[in-house]
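Colleague: I am new to reading models like this one. Please pick one spot in a loop, look at it closely, and then walk me on from there.

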Amino acid sequence: MLRWIIVFFLAWSGAAAALESADKSAIRGVIEQQIDAMRRDDGAAAYGYAAPTIQRMFPNQESFMRMVREGYRPVYKPRSVLFGELKDSADEITQSVLLRDADGEDWLAIYSLERQADGSWKISGCRLTKDLGESA
């Protein structure tokens with residue numbers, strides 16, 4: 001865990017200089033708010049942070065929450081959340097998040113985000129991998 005704290009601190013300090021500070025805060029806020037909604041089992045709120053592409057794949061909050069509970073269990077109700085590197089590339093904006101699940105296992109979630117026409121940010125995807133505890 002200490003290794004993650006160091007890596008995430010260093011990554012966060014130099015993250016995505018091209019994004020405005022307000023955008024960085026908004027991106028983090030969207031992810032935090034979606035995770036908080038999932039912790040409360042507030043499917044409507046959690047679904048509301050999903051980008052239109054995700055909402056088209058899961059046309060209602062029930063199907064969305066079922067997908068999260070079954071395929072993204074560490075994201076559903078994590079024991080802890082630690083934000084890491086924010087990347088702004090030509091292809092996408094991604095935010096790394098270290099999650100500890102209910103069983104104490106560590107996972108790395110890479111969230112992709114899209115700016116909407118109204119200027120808000122929505123979550124357009126999440127790649128989840130298990131942290132195997134390898135040293136850097």
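Modeller: Let's begin with Asp 41, which is found in the loop between α2 and α3 (43–48). Helices are DSSP runs of H or I with at least four residues, strands are runs of E with at least two, and both are numbered from the N terminus. Before going on, keep in mind that this is a predicted model, in which local features need pLDDT of at least 70 and side-chain atom pairs count only at pLDDT 80 or more, while totals for chains, interfaces and linings use all residues. Residues are numbered from 1 along each chain as its sequence is written, and side-chain values use heavy atoms, with hydrogens and water left out.

Asp 41 has a phi near 60°, a positive value in a residue other than glycine. Most residues other than glycine have a negative phi. Asp 41 counts as partly exposed because its relative accessibility is 44%; buried means under 20% relative accessible area and exposed over 50%, with partly exposed in between (1.4 Å probe, protein chains only). Of the chain's 136 residues, 41% count as buried.

Now step back to the whole chain. It has six helices and four strands, and from the N terminus on the order is α-α-α-α-α-α-β-β-β-β.

Among the strands, follow β2. Strand β1 (residues 80–88) runs antiparallel to β2 (residues 93–100), with seven bridges between them; two strands pair if DSSP finds at least two bridges. Asp 88 has Ile 93 in β2 as its bridge partner, and a hairpin of four residues joins β1 to β2. On to β3 (residues 106–115): eight bridges join this strand to β2, again antiparallel, and Gln 95 stands opposite Tyr 111 in β3. The hairpin of β2 and β3 has five residues between the strands, and there Gly 104 takes a positive phi near 85°. Strand β2 is mostly covered, with seven of its eight residues buried.

Lys 130 lies over the face of Trp 107, at 5.2 Å from the ring centre. A charge sits over a ring if NZ of Lys or CZ of Arg is within 6 Å of the ring centre and within 35 degrees of the ring normal.
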